[in-house]
Number of protein chains: 2
Amino acid sequence: MIPDRETSFPGAADEIARASGSAVDAVLAQIRQMIVEGGLKVGDKLPTERELCERFASSRNTVREAMRMLKAFGVVEVRPKVGATIVDQRMNRAFDLFSFNVTEISRQTFDDIQGFRELIETGSVTQIFAAIQPSDLSDLREINREMVRAKSVIEASEHDLRFHTRLVSIIGNKSILDIYRIMTPVILRIMQRGKTRRTIEGETFREHEAILDAAERRDALAFQYLMRTHLRAGLWTFEDG
Amino acid sequence: MIPDRETSFPGAADEIARASGSAVDAVLAQIRQMIVEGGLKVGDKLPTERELCERFASSRNTVREAMRMLKAFGVVEVRPKVGATIVDQRMNRAFDLFSFNVTEISRQTFDDIQGFRELIETGSVTQIFAAIQPSDLSDLREINREMVRAKSVIEASEHDLRFHTRLVSIIGNKSILDIYRIMTPVILRIMQRGKTRRTIEGETFREHEAILDAAERRDALAFQYLMRTHLRAGLWTFEDG
DNA sequence: CGACTCATTTGTTGGTCCAGATTTCATCCT
DNA sequence: AGGATGAAATCTGGACCAACAAATGAGTCG
């Protein structure tokens, strides 16, 4: 079920901090065990590095590398003199994860991401209509105007994304919003592809406005139709491929 | 827009590998710059640690900690005596990210996660019905039977999750499947909460079967209704809170 | 009450040593 | 002579150590 992960986070079913090859991994597993079995919560502090050294009979550099791992995972925050504090910034880390672009956006990725957004943004029309307030609408219209005023395509894309993120936030579902935020870097790259100043000032702005109009009069069918066509626009960029 | 990230991945708008406080972060930023501006692709190899040391005028341990960071992010895979190879295992890392349970599932989290699943699994009925094959249905029924035969609640939950994941895979959208996989650990914990042997052998199995029956006769309304009530079951676990 | 000192803790550095992979190259057989 | 073979030198990451720098909390003294 779990794919090959050579040096990954120690799985839940691991033995008692058994060394899975590397000494750092062993320390990592033991710290993990200490956290879960010690019932440590967010805000609690881990022992000092040197204490962990002697407790696990490891060198300080080994412990430090394990710490660096936990830091990368957003599980601890370590400051000089104060030590390592347990935090939960994994969502931010997941965000960072995808801001590192190693592969180009493919047609397939475009379809998949936009398909996902279509599912979210058209499927949640009921929740959106139930929760939307006049202040939400004015916010969204303001964001839309800011998009037109943007000085560059990059900046406009950010406003475009802000528009959609703001819309998704109305659903009131933190998990959905988190996932949307995680995908931010990828969505941004999609938006910047094949977007010209004309399309922003024209189509994108008008489509956003039409979507908001539909939301204002609680026209679910129009909202879904407009959103769907809006998200499917931009496909032409890949048509030649 | 981007939240506070103290020691995070260097953002795209960073200056030229300027030290954002930590020396490790500086090296990290420079390696990142080397990758993106050097046009390094997946499969390419990074210079040796010692070469990076002298190139960045840093100690080996500093470079090693930066490497450890990249490893945690799933960007490089480093093997002894071979070196660091660029990979893209960020999805697996995102998966690992949430297998580290630091916080307890709250009623709010339950609602949000199940709300997200409802959106995905009921909203994609059109795509599922369009793509589903008889082999998919027989697979799903087999998984359902395996769930009943499971020896423990934990194991049964895994089959339960496999059932839903298999269903979602029919959509044919890699992004949605990836996200579903990322949420696997959280969903598993939700499933294991308040699930007894009786509910598995009884309700869960029957609900799955009913969903498959609806899929077999392409009854979208029934499919959505059954899935909705299926996902909303288990809410009682939190009702007392 | 404020400034100051001090001790503790993390950050960083430059090393050592080791085991294993890789490469080199001399040797040996055909 | 030419290719195969194997041993040795070299290279590389893994683990570790000692030491110093910097930051900061805590206690102390004026």
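This is a predicted model: local features need pLDDT of at least 70, side-chain atom pairs count only at pLDDT 80 or more; totals for chains, interfaces and linings use all residues.
I start with chain A by itself. Its secondary structure comes to 13 helices and 2 strands. Chain A has 241 residues, and 51% of them count as buried. If you take contacts in chain A between residues at least 6 apart in sequence, 64% join residues at least 24 apart.

Now the contact between the two protein chains. Chain A puts in 65 residues and chain B puts in 62 residues. Together they bury about 5700 Å², with 64% of that on carbon and sulfur atoms. There are 10 residue pairs in polar contact between chain A and chain B, counting pairs with both residues at pLDDT 80 or more. Several elements of chain A give two or more residues to the side that touches chain B, among them helix H1 (23-37), helix H3 (60-72), strand E1 (76-79) and helix H5 (107-123). The largest share of that side comes from H4(A), with 10 residues. By class, the side of chain A that touches chain B has 28 nonpolar, 16 polar and 21 charged residues.

On the charged side of this interface, the count is 4 salt bridges between chain A and chain B. One of the pairs is B:Arg68 with A:Glu65, at 2.7 Å from N to O. There is also a network of salt bridges that links A:Glu49, A:Arg60, A:Arg64, A:Arg68 and B:Glu65.

Next, DNA strand C. Which residues come nearest to it? Of the 18 residues around DNA strand C, those are A:Arg50, A:Arg64, B:Ala23, B:Asn61 and B:Thr62.

For B:Thr62, an N or O atom in the side chain is 2.4 Å from a phosphate oxygen of DNA strand C. For B:Ser22, again an N or O atom in the side chain, the distance to a phosphate oxygen is 3.3 Å. For A:Glu49 a polar backbone atom is involved, 3.2 Å from a phosphate oxygen. The elements giving two or more residues to the surface near DNA strand C are helix H2 (49-56), H3 and E1 of chain A, with helix H1 (23-37) and helix H3 (60-72) of chain B. By class, that surface has 4 nonpolar, 6 polar and 8 charged residues.

Last, salt bridges inside the chains. The search over all chains finds 42 salt bridges in the whole structure. In helix H2 of chain A, A:Glu51 and A:Arg55 are 4 residues apart, about one turn of the helix, and their side chains meet at 3.1 Å, N to O. A:Glu51 is partly exposed at 34% relative accessibility, and A:Arg55 is partly exposed at 44%.

In chain B, B:Asp96 and B:Arg93 form a salt bridge with closest N and O atoms 3.3 Å apart. They are 3 residues apart in helix H4 (residues 90-97) of chain B, so about one helical turn separates them.

B:Arg141 and B:Glu209 form a salt bridge at 2.7 Å. B:Arg141 is in helix H7 (residues 134-149) and B:Glu209 in helix H11 (residues 197-216) of chain B, so this pair ties together parts that are 68 residues apart in sequence. B:Arg141 and B:Glu209 are both buried.

Note on methods
Residues are numbered from 1 along each chain as its sequence is written. Chains are lettered from A and ligands numbered from 1 in the order in which they are written. Side-chain values use heavy atoms; hydrogens and water are left out. Contact means heavy atoms within 4.5 Å. Buried area is the accessible area (1.4 Å probe) that two parts lose on being put together, summed over both. A polar contact is a pair of N or O atoms within 3.5 Å; within protein, one must be able to donate a hydrogen and the other to accept it, and residues adjacent in sequence count only if both atoms are side-chain atoms. Ala, Val, Leu, Ile, Met, Phe, Trp, Tyr, Cys and Pro count as nonpolar, Asp, Glu, Lys and Arg as charged, and the others, Gly among them, as polar. A residue is near a molecule or strand if one of its heavy atoms lies within 4 Å of it. Buried means under 20% relative accessible area, exposed over 50%, partly exposed in between (1.4 Å probe, protein chains only).
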